[in-house]
Amino acid sequence: TIRSGLWISHSFYEFQCTMADLIVYISTVTGNLELKKQQQRIEMVLTSKKVDVEYVDVAASEEERKKMRDYVGDPKALPPQFVSKQHGYLGGFEPFENAIECDELNTFLKLE
């Protein structure tokens, strides 16, 4: 798990976490190129928008993987998934991309 208030560096992930409302569940251990690209895109967009976010690595913790799947409501859900501590489950990568295309990212992330 990636904890708030720490510098984290793992392969292409390097960022400073804060006490953020937004949680993005990711996996740092994957052979799936598409998943890696999605996670890179998320990190790039959220960093460029200066969104405070906590990244949680489900590959490092079965407990966190279960928590993510409970939020999603699907016992087989895979990352990336977006969760707001205040508003609950927000969606996966496809709704995130749709929000960007429609210029509604703040609404999707419940930042408004």
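**View 1. Gly73 follows helix H2 with a positive phi, near 85°.** Helices here are DSSP runs of H or I with at least four residues and strands are runs of E with at least two, numbered from the N terminus. At the start of H2, which covers residues 62-72, a side-chain oxygen of Ser61 reaches to within 3.3 Å of the backbone nitrogen of Glu63. This is a predicted model, in which local features need pLDDT of at least 70 and side-chain atom pairs count only at pLDDT 80 or more, while totals for chains, interfaces and linings use all residues. Residues are numbered from 1 along each chain as its sequence is written, and side-chain values use heavy atoms, with hydrogens and water left out.

**View 2. Four strands form an open sheet in the order E4-E3-E5-E6, with mixed pairing.** Strands E4 (53-57) and E6 (88-92) are the edge strands, each pairing on one side only, where pairing requires at least two DSSP bridges between two strands. Strand E3 (residues 22-26) runs parallel to E4 and is joined to it by 5 bridges, and Ile23 has Glu54 in E4 as its bridge partner.

**View 3. H2 packs on the sheet, touching E3, E4, strand E5 (81-84) and E6.** Contact means heavy atoms within 4.5 Å. The direction of H2 makes about 115° with that of E3, with axes fitted to C-alpha atoms, for helices over the stretch in contact, and angles running from 0 to 180 degrees between N-to-C directions.

**View 4. E5 and E6 form a hairpin with 3 residues between them.** The two strands pair in the antiparallel sense over 4 bridges, and Phe82 has Gly91 in E6 as its bridge partner.

Note on methods: Polar contact = N/O pair within 3.5 Å; in protein donor to acceptor, adjacent residues only side chain to side chain.
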